[in-house]
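Good morning, and thank you for making time for this item.

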Amino acid sequence: MRVLLVEDHEKLATSVAAGLRNQGMAVDIALDGPAGLERALVTDYDVVILDRDLPGMHGDDVCRSLVAEGSASRVLMLTAAGTIDDKVDGLALGADDYLAKPFAFAELVARIRALARRSRPALPPQLTHGDLRLDPARRIAMRAGDRLPLSPKEFGVLELLLSAQGAVVSAEELLEKVWDEMADPFTTTVKSTVNRLRGKLGDPPVIETVPGGGYRI
(Lines give C-alpha, C1' and ligand atoms only; values in the text may rest on other atoms or scores of the structure.)
Protein backbone atom coordinates (compact mmCIF):
# COMPACT_ATOMS: atom_id res chain seq x y z
CA MET A 1 0.00 0.00 0.00
CA ARG A 2 1.38 3.42 -1.00
CA VAL A 3 0.58 6.34 1.32
CA LEU A 4 1.35 10.06 1.17
CA LEU A 5 1.58 11.92 4.48
CA VAL A 6 1.23 15.71 4.14
CA GLU A 7 2.15 17.15 7.54
CA ASP A 8 4.17 20.30 8.30
CA HIS A 9 5.41 19.17 11.73
CA GLU A 10 8.48 17.28 10.60
CA LYS A 11 9.06 15.31 13.82
CA LEU A 12 5.44 14.15 13.89
CA ALA A 13 5.53 13.29 10.19
CA THR A 14 8.75 11.29 10.60
CA SER A 15 7.39 9.43 13.62
CA VAL A 16 4.04 8.58 12.01
CA ALA A 17 5.74 7.51 8.76
CA ALA A 18 8.09 5.20 10.65
CA GLY A 19 5.15 3.60 12.43
CA LEU A 20 3.23 3.11 9.19
CA ARG A 21 6.28 1.57 7.52
CA ASN A 22 6.46 -0.91 10.39
CA GLN A 23 2.89 -1.80 9.43
CA GLY A 24 4.10 -2.68 5.94
CA MET A 25 3.08 0.52 4.16
CA ALA A 26 5.20 2.50 1.72
CA VAL A 27 5.11 6.11 2.92
CA ASP A 28 6.19 9.38 1.29
CA ILE A 29 6.25 12.68 3.19
CA ALA A 30 5.46 16.24 2.10
CA LEU A 31 5.91 19.11 4.55
CA ASP A 32 3.69 21.76 2.91
CA GLY A 33 0.59 22.10 0.77
CA PRO A 34 2.18 22.72 -2.66
CA ALA A 35 4.59 19.80 -2.29
CA GLY A 36 1.77 17.53 -1.14
CA LEU A 37 -0.43 18.44 -4.07
CA GLU A 38 2.39 17.94 -6.56
CA ARG A 39 3.24 14.50 -5.20
CA ALA A 40 -0.41 13.42 -5.02
CA LEU A 41 -0.98 14.36 -8.67
CA VAL A 42 2.17 12.62 -9.91
CA THR A 43 2.00 9.35 -7.92
CA ASP A 44 -0.94 6.96 -7.65
CA TYR A 45 -1.34 6.79 -3.87
CA ASP A 46 -3.88 4.53 -2.24
CA VAL A 47 -4.38 7.01 0.62
CA VAL A 48 -3.37 10.64 1.18
CA ILE A 49 -3.17 11.65 4.85
CA LEU A 50 -3.70 15.38 4.68
CA ASP A 51 -3.17 17.81 7.55
CA ARG A 52 -5.64 20.66 7.27
CA ASP A 53 -3.42 23.52 8.52
CA LEU A 54 -0.53 23.53 6.06
CA PRO A 55 1.91 26.26 5.03
CA GLY A 56 1.97 27.42 1.42
CA MET A 57 -1.45 26.00 0.59
CA HIS A 58 -4.22 25.16 3.04
CA GLY A 59 -5.20 21.51 3.29
CA ASP A 60 -8.74 22.40 2.21
CA ASP A 61 -7.38 23.79 -1.06
CA VAL A 62 -5.17 20.72 -1.57
CA CYS A 63 -8.19 18.46 -1.10
CA ARG A 64 -10.32 20.60 -3.38
CA SER A 65 -7.63 20.48 -6.10
CA LEU A 66 -7.26 16.70 -5.86
CA VAL A 67 -10.99 16.26 -6.34
CA ALA A 68 -11.01 18.70 -9.28
CA GLU A 69 -8.15 16.80 -10.94
CA GLY A 70 -10.01 13.50 -10.58
CA SER A 71 -7.51 11.90 -8.22
CA ALA A 72 -8.47 8.35 -7.28
CA SER A 73 -6.57 8.54 -3.97
CA ARG A 74 -8.64 8.37 -0.81
CA VAL A 75 -8.11 11.40 1.44
CA LEU A 76 -7.91 11.20 5.23
CA MET A 77 -8.01 14.70 6.70
CA LEU A 78 -6.08 15.37 9.91
CA THR A 79 -6.67 18.46 12.02
CA ALA A 80 -6.41 19.80 15.54
CA ALA A 81 -10.01 21.04 15.19
CA GLY A 82 -12.40 18.24 15.96
CA THR A 83 -15.84 19.84 16.00
CA ILE A 84 -18.76 18.47 14.00
CA ASP A 85 -18.72 21.56 11.77
CA ASP A 86 -15.03 21.02 10.97
CA LYS A 87 -15.69 17.41 10.08
CA VAL A 88 -18.64 18.31 7.88
CA ASP A 89 -16.58 20.98 6.12
CA GLY A 90 -13.75 18.55 5.44
CA LEU A 91 -16.03 15.85 4.08
CA ALA A 92 -17.89 18.40 1.97
CA LEU A 93 -14.61 19.29 0.26
CA GLY A 94 -14.24 15.69 -0.89
CA ALA A 95 -12.26 14.11 1.94
CA ASP A 96 -13.16 10.46 2.52
CA ASP A 97 -12.53 10.45 6.26
CA TYR A 98 -11.61 12.81 9.08
CA LEU A 99 -9.45 12.27 12.17
CA ALA A 100 -8.87 14.85 14.89
CA LYS A 101 -5.53 15.32 16.64
CA PRO A 102 -4.37 13.92 18.95
CA PHE A 103 -5.25 10.49 17.66
CA ALA A 104 -4.46 6.91 18.61
CA PHE A 105 -1.99 5.40 16.18
CA ALA A 106 -3.97 2.13 16.03
CA GLU A 107 -7.05 4.09 14.91
CA LEU A 108 -5.04 5.87 12.21
CA VAL A 109 -3.82 2.52 10.86
CA ALA A 110 -7.34 1.07 10.90
CA ARG A 111 -8.77 4.06 9.04
CA ILE A 112 -5.99 3.97 6.42
CA ARG A 113 -6.60 0.29 5.76
CA ALA A 114 -10.35 0.85 5.52
CA LEU A 115 -9.85 3.66 3.00
CA ALA A 116 -7.39 1.58 0.98
CA ARG A 117 -9.96 -1.19 0.67
CA ARG A 118 -12.40 1.37 -0.74
CA SER A 119 -9.84 2.54 -3.31
CA ARG A 120 -9.85 -0.81 -5.12
CA PRO A 121 -12.34 -3.59 -5.91
CA ALA A 122 -13.62 -5.36 -2.83
CA LEU A 123 -11.52 -8.29 -1.68
CA PRO A 124 -12.26 -10.97 0.92
CA PRO A 125 -10.92 -10.40 4.47
CA GLN A 126 -8.38 -13.16 3.84
CA LEU A 127 -6.53 -13.79 0.59
CA THR A 128 -5.98 -17.44 -0.29
CA HIS A 129 -4.38 -19.61 -2.95
CA GLY A 130 -4.33 -23.33 -2.31
CA ASP A 131 -2.77 -23.87 1.12
CA LEU A 132 -1.50 -20.27 1.21
CA ARG A 133 -3.47 -17.83 3.38
CA LEU A 134 -2.84 -14.14 4.06
CA ASP A 135 -4.67 -11.97 6.57
CA PRO A 136 -3.91 -8.29 5.74
CA ALA A 137 -5.54 -6.86 8.86
CA ARG A 138 -3.63 -9.09 11.29
CA ARG A 139 -0.45 -9.07 9.16
CA ILE A 140 -0.27 -12.86 9.16
CA ALA A 141 0.70 -15.14 6.27
CA MET A 142 0.51 -18.92 6.54
CA ARG A 143 1.17 -21.91 4.32
CA ALA A 144 0.01 -25.41 5.11
CA GLY A 145 -0.83 -24.22 8.61
CA ASP A 146 2.64 -22.80 9.32
CA ARG A 147 3.17 -19.10 9.88
CA LEU A 148 5.58 -17.51 7.43
CA PRO A 149 8.30 -15.20 8.87
CA LEU A 150 7.92 -12.48 6.24
CA SER A 151 9.50 -9.05 6.29
CA PRO A 152 7.18 -6.04 5.70
CA LYS A 153 8.27 -5.82 2.04
CA GLU A 154 7.86 -9.56 1.46
CA PHE A 155 4.40 -9.38 3.01
CA GLY A 156 3.54 -6.39 0.81
CA VAL A 157 4.64 -8.18 -2.36
CA LEU A 158 2.67 -11.30 -1.45
CA GLU A 159 -0.42 -9.24 -0.61
CA LEU A 160 -0.29 -7.39 -3.93
CA LEU A 161 0.22 -10.60 -5.93
CA LEU A 162 -2.65 -12.37 -4.18
CA SER A 163 -4.89 -9.30 -4.56
CA ALA A 164 -4.30 -9.39 -8.32
CA GLN A 165 -6.25 -12.70 -8.40
CA GLY A 166 -4.15 -14.32 -11.12
CA ALA A 167 -3.34 -11.19 -13.12
CA VAL A 168 0.27 -10.30 -13.89
CA VAL A 169 1.80 -7.60 -11.67
CA SER A 170 4.76 -5.76 -13.16
CA ALA A 171 7.97 -5.07 -11.26
CA GLU A 172 7.22 -1.36 -11.73
CA GLU A 173 3.83 -1.70 -10.02
CA LEU A 174 5.37 -3.68 -7.16
CA LEU A 175 8.01 -0.98 -6.72
CA GLU A 176 5.38 1.76 -6.79
CA LYS A 177 2.96 0.11 -4.37
CA VAL A 178 5.24 -1.65 -1.89
CA TRP A 179 8.23 0.70 -1.73
CA ASP A 180 8.33 4.45 -1.18
CA GLU A 181 10.38 7.28 -2.64
CA MET A 182 13.52 6.09 -0.82
CA ALA A 183 13.74 3.07 -3.15
CA ASP A 184 16.15 3.25 -6.09
CA PRO A 185 14.16 2.26 -9.22
CA PHE A 186 17.36 1.08 -10.93
CA THR A 187 18.23 -1.57 -8.33
CA THR A 188 17.24 -5.22 -8.27
CA THR A 189 15.32 -4.75 -5.02
CA VAL A 190 12.05 -6.16 -6.40
CA LYS A 191 13.71 -9.23 -7.90
CA SER A 192 15.70 -9.85 -4.71
CA THR A 193 12.60 -9.55 -2.52
CA VAL A 194 10.59 -11.89 -4.76
CA ASN A 195 13.42 -14.44 -4.63
CA ARG A 196 13.54 -14.29 -0.82
CA LEU A 197 9.76 -14.60 -0.69
CA ARG A 198 9.87 -17.66 -2.93
CA GLY A 199 12.36 -19.26 -0.57
CA LYS A 200 10.12 -18.66 2.44
CA LEU A 201 7.01 -19.91 0.62
CA GLY A 202 8.73 -23.19 -0.15
CA ASP A 203 7.49 -25.90 -2.52
CA PRO A 204 5.55 -26.28 -4.64
CA PRO A 205 6.34 -22.83 -6.09
CA VAL A 206 3.42 -20.40 -6.32
CA ILE A 207 5.00 -17.26 -7.81
CA GLU A 208 5.44 -17.40 -11.55
CA THR A 209 7.76 -15.09 -13.48
CA VAL A 210 6.16 -13.85 -16.70
CA PRO A 211 8.92 -12.84 -19.14
CA GLY A 212 8.56 -9.20 -20.09
CA GLY A 213 5.51 -8.86 -17.84
CA GLY A 214 6.28 -9.36 -14.18
CA TYR A 215 4.98 -11.86 -11.63
CA ARG A 216 1.75 -13.62 -10.80
CA ILE A 217 0.23 -16.18 -8.48
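Predicted model: local features only at pLDDT ≥ 70, side-chain atom pairs only at ≥ 80, totals over all residues.

Residues are numbered from 1 along each chain as its sequence is written, and side-chain values use heavy atoms, with hydrogens and water left out.

The protein chain has eight helices and 11 strands; these are DSSP runs, with helices being H or I of at least four residues and strands being E of at least two, numbered from the N terminus. Of the 217 residues, 45% are buried, where buried means under 20% relative accessible area, exposed over 50%, and partly exposed in between, with a 1.4 Å probe and protein chains only. The accessible surface comes to about 10,600 Å², and carbon and sulfur atoms account for 54% of that; the areas come from the Shrake-Rupley method with a 1.4 Å probe, and for residues only the protein chains shown count as cover.

Five strands form an open sheet with parallel pairing, in the order β2-β1-β3-β4-β5; two strands pair if DSSP finds at least two bridges between them. At the edges are β2 and β5 (97–100), each of which pairs on one side only. From one strand to the next, the twist averages 20°. Helix α2 (residues 33–42) packs on this sheet and touches β1, β2 and β3 (47–51), and its direction makes about 140° with that of β2. For such angles, axes are lines fitted to C-alpha atoms, for helices over the stretch in contact, and angles run from 0 to 180 degrees between N-to-C directions. Strand β4 (residues 74–79) pairs with β5 in the parallel sense over four bridges.

Which residue stands opposite Ala100 of β5? That position is taken by Thr79, which is found in strand β4. Thr79 is buried, with a relative accessible area of 1%. Beyond its neighbours within four places in sequence, Thr79 has contacts that include Asp51, Asp53, Tyr98 and Lys101.

Next, helix α6. Its 12 residues reach 16 Å from the first C-alpha to the last, close to the 16 Å expected at 1.5 Å a residue; the expected span is 1.5 Å times one less than the number of residues. The helix is mostly covered, with 10 of its 12 residues buried. Those buried residues pack against β6 (127–129), β7, β8, α7, α8 and β11. After α6 comes Gln165, with a positive phi near 55°.

In helix α7 (residues 171–178), the buried residues are Leu174, Leu175, Lys177 and Val178. They pack against β1 (2–6), β2 (26–30), α6 (152–163), α8 (189–201) and β11 (214–216).

I now come to the salt bridges, of which the whole structure has 16; the criterion is a side-chain nitrogen of Lys or Arg within 4 Å of a carboxyl oxygen of Asp or Glu. Glu159 forms one with Arg139, their closest N and O atoms being 3.6 Å apart. Glu159 lies in helix α6 and Arg139 in the loop between β7 (132–135) and β8 (140–143), so this pair ties together parts that are 20 residues apart in sequence. Both Glu159 and Arg139 are buried.

Asp61 and Arg64 meet at 2.6 Å, N to O, and both lie in helix α3 (residues 59–68), three residues apart, about one turn of the helix. Asp61 is partly exposed at 33% relative accessibility, as is Arg64 at 41%. Asp135 and Arg138 form a further salt bridge at 3.8 Å; here Asp135 is buried, at 7%, whereas Arg138 is exposed, at 56%. Finally, Glu7, Asp51 and Lys101 are linked in a network of salt bridges.

Asp8 is partly exposed, at 27% relative accessibility. Its contacts beyond four places in sequence are Leu31, Asp51, Asp53, Leu54 and Pro55.

Technical notes
Contact = heavy atoms within 4.5 Å.
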